[in-house]
Protein chains: 2
Amino acid sequence: MKPKRRPTLDDVASLSGVSAITVSRTIRSPEKVSERSRLKVQAAIEKLGYTPDLAASALASKSTNVIGLLVPSLTNNVFADVLRGVYDAVETTRYFVQIGNSRYSALKEEALIRVFLRQKPAGLIVAGFDQTDPALNLLETAGCPVVQIMDFGRPPVDMAVGFRHDAAARLAARHLLECGYRRPGILAARMDPRTQSRLQVFREVCAEAGVLDERRVVTTPHASSVGVGRQLLELLLTQAPDTDAVFCNNDDLAIGALMEAHRRNLHVPEDLGICGFNDLEMTRNMFPSLTSIATPRFEVGRRAVEMLLAEIEAPDSVAERNVDLGVSLIARDSTRRPR
Amino acid sequence: MKPKRRPTLDDVASLSGVSAITVSRTIRSPEKVSERSRLKVQAAIEKLGYTPDLAASALASKSTNVIGLLVPSLTNNVFADVLRGVYDAVETTRYFVQIGNSRYSALKEEALIRVFLRQKPAGLIVAGFDQTDPALNLLETAGCPVVQIMDFGRPPVDMAVGFRHDAAARLAARHLLECGYRRPGILAARMDPRTQSRLQVFREVCAEAGVLDERRVVTTPHASSVGVGRQLLELLLTQAPDTDAVFCNNDDLAIGALMEAHRRNLHVPEDLGICGFNDLEMTRNMFPSLTSIATPRFEVGRRAVEMLLAEIEAPDSVAERNVDLGVSLIARDSTRRPR
DNA sequence: CTGAATAATGACAGCGCTGTCATTTGTCAA
DNA sequence: TTGACAAATGACAGCGCTGTCATTATTCAG
């Protein structure tokens, strides 16, 4: 009958005939321990099946190996990819990720930041730049590195990695115009700050080209989905039946728009051009394949963690503290209009 | 200039003129403290902006408020919904969720269980019943409630909530047969244990009806996606061009199959019936709308947390320890064959 | 008004680790 | 061989909280 109690540092120490602190060092910085001790300690650890107690370590060292990740949505495919990137980068390290879902509410986000800070996280990743003032203040005095993700432009609290939403919308608008569409519309849901920024710039480009028509701007505060995409296109075509192209503020909407076009027997890209946003795997495989703006979601997640870890290891060591990963337009059949 | 140091229990205690332990009780079980003390303490907490240190609490009480969630994939939409359910249920409680991604590897899952156990979690949620033997052993002696999710049938380590994959496949197969399809195929990717179980039962039902043809069973170990769905249908139709219906082992594959059918100018449901699995929001809004097996993913996540919390509050209090949430077939246009 | 019960509070130790600083051991030039 | 220095190791205190048990205040039947 084994002792029920989990083995502690002291157990390992007495078994290997060294002091507890040497065991601690063997684990955390083996180079500071002589080879002889190290081998003895490692054997004892092996034999006892010892694993350090994280709570005790956190209490004594005043910091944890938790990386807090605050996203506005778990449903949105966009953040699924960010998550993948984050987990990919964290996996081989001693850090854990803890996710908070702010549901696109700045107030809930602020509350979650408070909650995270209670556990003295090693680092924090938050989406966007639009925190409340108290939240911003908390982040500034967090005592750990912070990376804001998914956007680029404004100065970050600490570090940031993302891409320009204005540039993305500009790419989309110009592409539709270059393809020869003259009565373009836009579909947008959720209306978070990044969506609004894209909407705004798309409008501007259209206005400059003299093709802006507010009847063709259709939005909803609801979460985006394929169903909402269908509804919004329906609404758009009711308000402005002669619309010849549509920029969908994300790919779910774009797929919905495509389906609605199918239902109405509208030909894509001849009768209606469609451009999405994000370039999810799906869009490439729709029929016809959907033009979309590719966003580096996975890379954003990975890079955010890399920046965090570098900064944790050596504060102020990260030179590039505000990173634009860029976007690109992937032209496919849904805007390939025969001239 | 404020003291940089975060306020502690003792600070609150001396400000409010009671002992530290009374402050602790005011926070954890206010009903054990007189109203007079409680008010004084609460005022002091407010004034100092005190928040308990989680590490210290974990060390002293030998348990945390972390709920570990182990999923095989973060990309798969299925788990996104489970996640939502979990977060939904956890949100109003004092617990946190920490996610581990096993990437469909039982060995990685075992390692992650070890990692989670180091922090003495309040509870653990793991996907499926197919853990390695050491992992099973770890779970049994975890010292916290454990819920296995997404499956039903085998006896759980502790508790389980899910649904029957055999029943789901049976529903799909019978439906296709009832719709009059006589040369049904099946598309499956990833081939995790639950997928294999569905595949197996679909085969059996087909065999019983005398319509099983192994050329129509097309699988791949790759992760499922819309693109893979297209490829698999292509392969299926190469091997057996007269196939008249297909059960896709998840909705991504089904959407891919639908797109490939469009491309080939095959009419759905006349030339090819399609039935998906999971009933993601998308399927309802495809054109034509896709028949699918609805799985209670969100509910599984929510219920798992509820069972965990009940069990944490009062061990052995949960009566129904093995819950089948059931599945249902949602018939839509993609199998609505004109007789 | 008393004694017995309960409610409210507190003292104390210790959870398992790490930071700090002191001590011992080993190495090597003079 | 000695002293100077670096490398290796250890003693000790304490991180901030909670479990346990003892003590004090309060209530109430008799």
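Author: Chain A can be laid on chain B with an RMSD of 0.1 Å, by a turn of 180° and a shift of 0.0 Å along the axis. The superposition is by least squares on C-alpha atoms of residues with pLDDT of at least 70 in both copies.

Reader: What relation is that?

Author: That is the relation of a two-fold axis.

Reader: What kind of model is this?

Author: This is a predicted model, where local features need pLDDT of at least 70, side-chain atom pairs need 80 or more, and totals for chains, interfaces and linings use all residues. Residues are numbered from 1 along each chain, chains are lettered from A and ligands numbered from 1 in the order written, and side-chain values use heavy atoms, without hydrogens or water.

Reader: How do you know that the copies meet through the same surface?

Author: 100% of the interface residues of chain A are also interface residues in chain B, so the copies meet through the same surface. Contact here means heavy atoms within 4.5 Å.

Reader: What makes S9 and S10 of chain B a pair?

Author: Two strands pair if DSSP finds at least two bridges between them. Strand S9 (273-278) and strand S10 (291-294) of chain B have four, in the parallel sense. B:Asn278 has B:Ala294 in S10(B) as its bridge partner. In DSSP terms, a strand is a run of E, at least two residues, and a helix a run of H or I, at least four, numbered from the N terminus.

Reader: Why are S7 and S12 of chain B called edge strands?

Author: The sheet of chain B is open, with six strands in the order S7-S6-S8-S9-S10-S12 and mixed pairing. Strand S7 (217-220) and strand S12 (328-330) each pair on one side only. The twist averages 20° from one strand to the next. Angles run from 0 to 180 degrees between N-to-C directions; axes are lines fitted to C-alpha atoms, for helices over the stretch in contact.

Reader: What lies across strands of chain B, and at what angle to S9(B)?

Author: Helix H11 (251-263) of chain B lies across S6, S8, S9 and S10, running at about 155° to S9(B). Helix H10 (226-239) of chain B lies across S6, S7 and S8, at about 145° to S7(B).

Reader: Which sense do S10 and S12 of chain A have?

Author: They run antiparallel, joined by three bridges. A:Ala294 stands opposite A:Ser328 in S12(A). The sheet of chain A is open too, its six strands in the order S7-S6-S8-S9-S10-S12.

Reader: Which element gives the largest share of the surface near DNA strand C?

Author: H4(A), with five residues.
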